[in-house]
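Hello,

Here is the structure I said I would pass on. Have it open while you read. My notes on it follow.

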Amino acid sequence: MIARNTQPSLWAGVRQTIPDFWELTKPEINLLILVATCTGFYLGYPHSLDPFSFERLFHVLSGTLLVASGAGALNQYLEYGFDARMRRTSRRPVAAGRLSPVSAFWFGTSLAVTGAAYLLLFVNVLAASLAVITLGSYLFIYTPLKRKTPLCTVAGAFAGAMPPLIGWAAANGSIASAEAWTLYAMLFFWQFPHFMAIAWMYREDYARAGYSVLPVRCNHAFLAWLTVVPAIALLLASFAATILADDRTLPLSATAILGLGLLFYVWRQMVLRSKVAARQLLKATIAYLLLEVLVLTVAKR
């Protein structure tokens, strides 16, 4: 009788924690990571290899997803005390006390180790190495720098731009290619207007938690430099990426239209410096990335 009563309660407890463990992986960020990895794989896949290897694509996406999910969980383990001070993150599983820090640590470690081993076994050493470098720099360089300097975004961008290189390495076995690094440059510069929009929207929240994502003084000038200049560089890198296309008419035209749209929202945020304008810029950066990689994929020669 006791066993029959405890089994439903145990199962109910498991069902309650599943959404929390899922949230630990930061699925909304992982979606963009998978898109970037898939793009790198497709654009880097050699013409001489026919037919296209969907199996290898599945393996690199699976391994990358595991490592990225582990990074998300470990990030929340490292920052749960700071997350609890922010309205934006206070409801995260560990910050809110729904999961213990130890559970988050072992969950994240298991995912990251499994993902790295998966890439090593089913893809190649290069892809696995790039994933491990990304994981380490994200957790041990970018994460602590957020509490020390507003230039943490630069360090974070180096790690955040790695997914297309992982995909390219999985498809090609090498990243010694100007095209691969052009994709890296695109994602590197893209992160600045994207994150600066988030930083402006939640600047009071970040300050409350002790994060130095914007300088105390001259934050308007800092915002302009880390939004406008990288946005222009992003547009230039996107134009450079059109060398991967067979017929450049479509990607050049599409990139020009998308770039002008993005620059409009950048200009709007620089003029208004409001949360509404920042949110619109945030949405514009996501739309730009998804549409630009779609154009490059469709136009691949």
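**Pockets**

The lining of the largest pocket has 27 nonpolar, 13 polar and eight charged residues. Nonpolar here covers Ala, Val, Leu, Ile, Met, Phe, Trp, Tyr, Cys and Pro; charged covers Asp, Glu, Lys and Arg; the others, Gly among them, are polar.

Before going on, note that this is a predicted model, where local features need pLDDT of at least 70 and side-chain atom pairs count only at pLDDT 80 or more, while totals for chains, interfaces and linings use all residues. Residues are numbered from 1 along each chain as its sequence is written, and side-chain values use heavy atoms, with hydrogens and water left out.

Back to the largest pocket. It holds about 1300 Å³ of space. A pocket is an open set of points on a 1 Å grid over the protein atoms alone, with protein on both sides within 12 Å along at least five of seven lines; a cavity is a set where a 1.4 Å probe fits but cannot get out; lining residues have an atom within 4 Å of a point. Points are joined across faces, edges and corners, and a volume is the space filled by probe spheres set on them.

The lining of the largest pocket comes to 48 residues. K26, I29, I33, Y138 and H194 lie nearest its centre. At least two lining residues come from each of α2, α3 (54-83), α5 (125-145), α6 (152-160), α7 (163-172), α8 and α12. Helices (H or I, at least four residues) and strands (E, at least two) are DSSP runs, numbered from the N terminus. α3 has the largest share of this lining, nine residues.

The second largest pocket holds about 180 Å³. Its lining consists of F21, W22, T25, P27, N30, L31, L34, L65, L66, S69, F107 and L111. Two or more of these residues come from each of α1 (2-24), α2, α3 and α4 (101-122). α2 gives the most, with four. By class, the lining of the second largest pocket has nine nonpolar, three polar and no charged residues.

**Cavity**

How many cavities of 30 Å³ or more are there? The count is one. About 70 Å³ of space lies in this largest cavity. A36, T39, P164, L183, M186, L187, L289 and V293 line it. Two or more of them come from each of α2 (27-44), α8 (178-201) and α12 (275-298). α8 gives the most, with three residues. The cavity lining has seven nonpolar residues, one polar and no charged.

**Helix packing**

α8 packs on α10 (residues 219-241) at about 150°, with the axes 8 Å apart. Axes are lines fitted to C-alpha atoms, for helices over the stretch in contact, and angles run from 0 to 180 degrees between N-to-C directions. So α8 is roughly antiparallel to α10. That label needs an angle over 145 degrees; under 35 is roughly parallel, 65 to 115 roughly perpendicular, and the rest oblique. The crossing of α8 and α10 is left-handed. Left-handed applies if the near helix is turned anticlockwise from the far one by less than a right angle, and right-handed if clockwise. The contact of α8 with α10 has 18 nonpolar, five polar and no charged residues.

The axes of α7 and α8 come within 8 Å and cross at roughly 160°. These two helices are therefore also roughly antiparallel. α7 passes α8 in a right-handed crossing.

**Whole chain**

The chain has twelve helices and zero strands. Its radius of gyration is 21 Å, close to the 19 Å that the globule rule gives for 301 residues, so it is as compact as a globular protein of that length. The radius is taken over C-alpha atoms, and the rule is 2.2 Å times the number of residues to the power 0.38. Along the principal axes, the C-alpha atoms fill a box of roughly 70 × 55 × 30 Å.

Best wishes
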